[in-house]
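Please keep the sequence and the coordinates in view while following the text.

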Amino acid sequence: MIYLKTEEEIELMRHANRLVGKTLGEIAKVIAPGVTTLELDKVADTFIRDNGARPSFLGYSGFPNSICASVNEQVVHGIPSSYRLKEGDVVSIDIGTVLNGYNGDSAYTFCVGEVSEEVKRLLKATKESLYKGIEVAVENNRIGDIGATIQHYCEERGYSVVRELVGHGIGKEMHEAPEVPNYGKRGYGPLLRNGMCIAIEPMINMGSRNIVIEKDGWTVRTRDKKPSAHFEHTIAIHNGKPEILSTFEYIEEVLGEGEF
């Protein structure tokens, strides 16, 4: 069942998602060569709790940490560890919060030091595809319109779209109906209605779309070990139009808008 949110619920979700954006901004301040992904996890966990929320990922189906940190060929669900980021790495940081009973969820793929132009182009296209998908998330369009837009934008640039992992509805639960694929056909899928809150999250590979799950049971990586990028916003269909509830503005304050 798809739960439509009231004005009051959307406002509560706006607060939870804004906190995710602020937390990603704190991460942006410390990402650098030599920093471990476990240190990034600690920064996020502390900041979330200091702001009266709890990290929604910690303990979710047994996940052991407060953020997902996925490096290079890791697509999503990377477990923070003692791995030290290196010059030229990219790392997707996915963060969820629960604040006043409602969930926030957003992700951003960061460059570590100087990254190759080829990889920057992948990140730029993935981020742009997120906003292209959001643009068509208007009342009376369908979920398939979002996925088709993202798929077309990325594939015409030579990239591939992961199929096994998708975006999702969000509210009191982190994962609610409907699923929001990053591929599809225009005019198909559930109808977009006022009050729907969804997380749109393109996961785009430089090589083939094929993935494998590592032995830890969580980390998803590309089969060909080529880089992957991941960006995510939570939005509400509000007054007929998409309203982005999460934000990258705190990241941009640290890194500038022209990172890619």
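Against which helix and strands do the buried residues of H4 pack? They pack against helix H3 (117-135), strand E6 (160-161), strand E8 (176-180), strand E9 (197-200) and strand E10 (203-205), where contact means heavy atoms within 4.5 Å. This is a predicted model, in which local features need pLDDT of at least 70 and side-chain atom pairs count only at pLDDT 80 or more, whereas totals for chains, interfaces and linings use all residues. Residues are numbered from 1 along each chain as its sequence is written, and side-chain values use heavy atoms, with hydrogens and water left out.

Helices (H or I, at least four residues) and strands (E, at least two) are DSSP runs, numbered from the N terminus. Helix H4 covers residues 143-155, 13 residues that reach 19 Å from the first C-alpha to the last, close to the 18 Å expected at 1.5 Å a residue; the expected span is 1.5 Å times one less than the number of residues. Because 11 of its 13 residues are buried, H4 is largely enclosed by the rest of the structure. Buried means under 20% relative accessible area, exposed over 50% and partly exposed in between (1.4 Å probe, protein chains only). Among the buried residues of H4 are Ile143, Ile146, Ile150, Tyr153 and Cys154. The ring of Tyr153 also has the charged end of Arg157 over it, 3.6 Å from its centre. A charge sits over a ring if NZ of Lys or CZ of Arg is within 6 Å of the ring centre and within 35 degrees of the ring normal.

Aromatic rings come next. Rings of Phe, Tyr and Trp (its six-membered ring) pair if their centres lie within 6.5 Å; planes under 30 degrees apart count as stacked, over 60 as edge-to-face and the rest as tilted. By this rule the count comes to six aromatic pairs. Tyr108 and Phe110 form a tilted pair, 4.9 Å centre to centre with 55 degrees between the planes, and both residues are buried. Tyr131 and Phe248 form an edge-to-face pair, at 6.5 Å and 85 degrees. Tyr131 lies in helix H3 and Phe248 in the loop between strand E15 (241-244) and helix H5 (249-255), so this pair ties together parts that are 117 residues apart in sequence. Ring pairs link Tyr108, Phe110, Tyr131, Phe231 and Phe248 into a cluster.
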